[in-house]
Each structure stands twice: as structure tokens, then as C-alpha cells.
Amino acid sequence: MLAHKAEDEGVICVEGMLGGVPHINYECVPSVVYTHPEVGWVGKSEEQCKEQGIRYKIGTFPMAAHSRSKTNMDTDGMVKVIADKETDRLLGIHIVSSVAGELINEAALALEYGASSEDIARVCHAHPTVSEALKEACVAAYAGKPINF
């Protein structure tokens, strides 16, 4: 479930041996459980935020409210984003969906580059795609409720 992490570690190992400047941010390595539906997450959980005293807000969006998921008759799951309450910077993203392993990559990219929930909420996502569920969860975190639920 973490072969992608091992591959990146191999790359940074070789980069280091060749005199390069290796980089890997372990906070941004996504995890995926390949069940049906899949479970994917990257970054912090609510529990970790509580333990670390981080004030946070969440946004959620159920796949049952999502047009592409309804069309595909694949409505199990949801997306949950955790963002810093003051700065809106994304701290963690958790996805349960038949395609969580695909969706989690946008989330990892967002975390790696310090995106806020507003940043993702304002990116135009193709319609109808399952990735819109991540956008909707970010809208919920940023604006208080998703657009389409």
C-alpha cells in the first residue's frame, strides 16, 4: 500500500548519491487501502489535530450527493477535508470512494504546495468528474456548505 513511497525513497537515495538535494515530505505521502470502496488519506487526522492543539475546521461531501457517482451507481463514501481554522491551509484529506486511490493524488499535491481549502474550491474542475467531490468538500470547509448538497 506504500509502494509509491518506496519508489520515491529510491529516487531520493540516488539523487543523494549523485550529489543532488533529495526531498521528500512524509506528511504528503498518500496512503490507500485498496478495498471496495477504497480508502485514501494524506496529512493529519482530526485526532492528530486535537492532540497537537491545532484549531481546525472540516468540510465534507457525500458521494451520494455527487452527480457522477449517482450516474455510475457508485455512491458509497465521502470526502472530508481538514483545514487550519485561522489560515485555511489544508492539513489533511480523507476519502472513501471506489476511486479514492485516484482522487488522493490531487489532495497530496495540494498539501505539498500549501494550498488552502479556498484554493481548491476556486479551481475549475471538469464536470461531471468524481474529483468534483474534493472541490465540494473544500467549498464546505471554506464557505460553510458545499454548492451541490
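Predicted model: local features only at pLDDT ≥ 70, side-chain atom pairs only at ≥ 80, totals over all residues.
**Exercise 1.** Determine which residues of helix 4 are buried and how they are arranged around its axis.

*Solution.* Begin by listing the residues that count as buried, which in helix 4 are A100, G101, L103, I104, A107, A108, A110 and L111. Next, look down the axis of helix 4, where these buried residues fall within an arc of 160°, so they line one face of the helix. Finally, ask what this face meets: the buried residues pack against strand 1 (31-33), strand 2 (38-43), strand 5 (90-97), helix 5 (117-121) and helix 6 (132-143).

**Exercise 2.** Check whether the distance between the ends of helix 4 agrees with its number of residues.

*Solution.* Helix 4 covers residues 100-112, which are 13 residues, and at 1.5 Å a residue they should span 18 Å. The expected span is taken as 1.5 Å times one less than the number of residues. The end C-alpha atoms of helix 4 are 18 Å apart, which agrees with this expectation. After the helix comes G114, whose phi is positive, near 70°.

**Exercise 3.** Describe the order of the strands in the sheet, and find which strands stand at its edges.

*Solution.* The sheet is open and is formed by 5 strands in the order 1-2-5-4-3, with antiparallel pairing. Strand 1 and strand 3 (56-62) each have a single partner strand, so one side of each is left without a neighbour in the sheet, and these two stand at the edges. From one strand to the next, the twist averages 10°.

**Exercise 4.** Decide whether H66 is buried or exposed, and name its surroundings.

*Solution.* First locate H66, which sits in the loop between strand 3 and helix 3 (67-71). Its relative accessibility is 3%, and since buried means under 20%, H66 counts as buried. Leaving aside residues up to four places away in sequence, H66 touches F61, T129, V130, E132 and A133. For T129, the backbone oxygen lies 2.9 Å from a polar atom of the H66 side chain.

Key. Residues numbered from 1 in each chain as written. Heavy atoms only, no water. Helix = DSSP H or I, 4+ residues; strand = E, 2+ residues; numbered from the N terminus. Buried < 20%, exposed > 50% of the residue type's maximum accessible area, 1.4 Å probe, protein only. Arc of directions from axis to C-beta. Contact = heavy atoms within 4.5 Å. Pairing = 2+ DSSP bridges. Axes fitted to C-alpha atoms, helices over the stretch in contact; angles between N-to-C directions. Polar contact = N/O pair within 3.5 Å; in protein donor to acceptor, adjacent residues only side chain to side chain.
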